[in-house]
Amino acid sequence: MALVNGRYVVLGFLDSVLTTLILGEAVSGTAKLIVIVTIINLITAFMAEYIEERASLSHIEKSLLRKRGSLLRTSLHRRAIYDALIKGLIFGVVSLVGASVTEFSMGILEFFGIPIVPLIVLGGFGTLMSKYFRGNAILWFMLYIVLGLTVSLLGHVINSAY
Amino acid sequence: MGGIRRVVLDVDIPSNISTVELAEKLGRVSGVKAVNVTVTDTDVEVLGLIVIVEGDGINYDEIKRVIEDLGGAIRSVDQVIVGEYILEVNPQLIRER
């Protein structure tokens with residue numbers, strides 16, 4: 001069974017929040033951006049995981065001296081698809097949450113055009129994740145805020161340039 | 001004469017497959033009364049096993065299907081006992097050969 005590991009939670013949330021922050025002004029329509037971010041992340045995570053699982057199956061086939069593709073009709077392959085689906089789904093759902101929270105809270109409080117609420121949410125997420133590996137909560141709170149701030153400013157620069 | 005009573009197999013399976021899962025699945029095959037899965041060799045990707053299945057009228061095709069469905073490969077069939085009772089081999093006879 002697929003393990004619900006931190007990788008896809010961090011990747012999904014961070015990716016969706018940062019993408020929404022950077023594209024927030026460029027893409028009109030709240031739902032449109034959320035749907036785009038969620039679907040792209042879901043598909044990319046599934047494909048990335050599936051390719052990795054197939055490569056692993058190919059190595060096993062070699063070690064077992066079995067014909068290439070002979071493991072495709074086994075429960076091992078079905079398990080690989082299931083694992084990739086679960087990981088893709090985790091990535092998609094976390095992305096949906098991240099993109100929705102960012103998109104709906106972007107306009108609540110702004111300071112010189114910088115959305116404050118998503119940055120605080122991002123900082124809170126960083127703190128939460130630091131507990132996952134027993135890291136320094138303040139350091140990771142600040143790091144995520146700086147990351148959000150940088151991406152937000154980058155979004156402004158890109159949007160004003162084009 | 002009865003069906004298969006014992007099969008001893010030399011099997012390789014991917015190391016990410018649980019030997020407990022394999023033993024449980026083999027135990028559900030029709031005719032099987034006892035299963036012994038012993039690890040004889042460990043590699044990064046492959047586990048070498050000796051699988052002993054005992055019962056009454058064991059369905060060998062199903063045994064093979066269970067092992068292959070888990071990605072395993074039967075390297076050799078080392079012993080098969082068929083009949084009304086288990087006829088043990090005399091180790092002295094093997095040594096004298």
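**Exercise 1. Decide whether S16(A) is buried or exposed in this predicted model, and say where in chain A the residue lies.**

Step 1. The count to examine is that of other C-beta atoms within 10 Å of S16(A), and this count comes to 28.

Step 2. A residue is taken as buried if 20 or more other C-beta atoms lie within 10 Å of its own, and S16(A), with 28, is therefore buried.

Step 3. In the chain, S16(A) belongs to helix α1 of chain A, which covers residues 6–23.

Step 4. Leaving aside residues up to four places away in sequence, the contacts of S16(A) are V37(A), N41(A), S95(A), G98(A) and A99(A).

Step 5. T74(A) stands 58 residues from S16(A) along the chain, and the C-alpha atoms of the two are 35 Å apart.

**Exercise 2. Work out what the overall dimensions of chain A say when set beside a compact globule of 162 residues.**

Step 1. The secondary structure of chain A consists of 5 helices and 2 strands, which follow one another along the sequence as α-α-α-β-β-α-α.

Step 2. The radius of gyration of chain A is 19 Å, whereas a compact globule of 162 residues would have one near 15 Å.

Step 3. The C-alpha trace of chain A spans about 65 × 35 × 25 Å along its principal axes.

Step 4. Of the 162 residues in chain A, 33% are buried, and among contacts between residues at least 6 apart in sequence, 69% join residues at least 24 apart.

**Exercise 3. State how many residues chain A and chain B each give to their contact, and characterise the side of chain B.**

Step 1. Chain B gives 10 residues to the contact and chain A gives 9 residues.

Step 2. On the side of chain B that touches chain A, the elements giving two or more residues are β1 (4–14) and α2 (60–69) of chain B.

Step 3. By class, that side of chain B holds 4 nonpolar, 1 polar and 5 charged residues.

Key
Residues numbered from 1 in each chain as written. Chains lettered and ligands numbered in written order. Predicted model: local features only at pLDDT ≥ 70, side-chain atom pairs only at ≥ 80, totals over all residues. Helix = DSSP H or I, 4+ residues; strand = E, 2+ residues; numbered from the N terminus. Rg over C-alpha atoms; globule rule 2.2 N^0.38 Å. Buried ≥ 20, exposed ≤ 12 C-beta atoms within 10 Å, placed from the backbone. Contact = placed C-beta atoms within 7 Å. Nonpolar A, V, L, I, M, F, W, Y, C, P; charged D, E, K, R; others polar.
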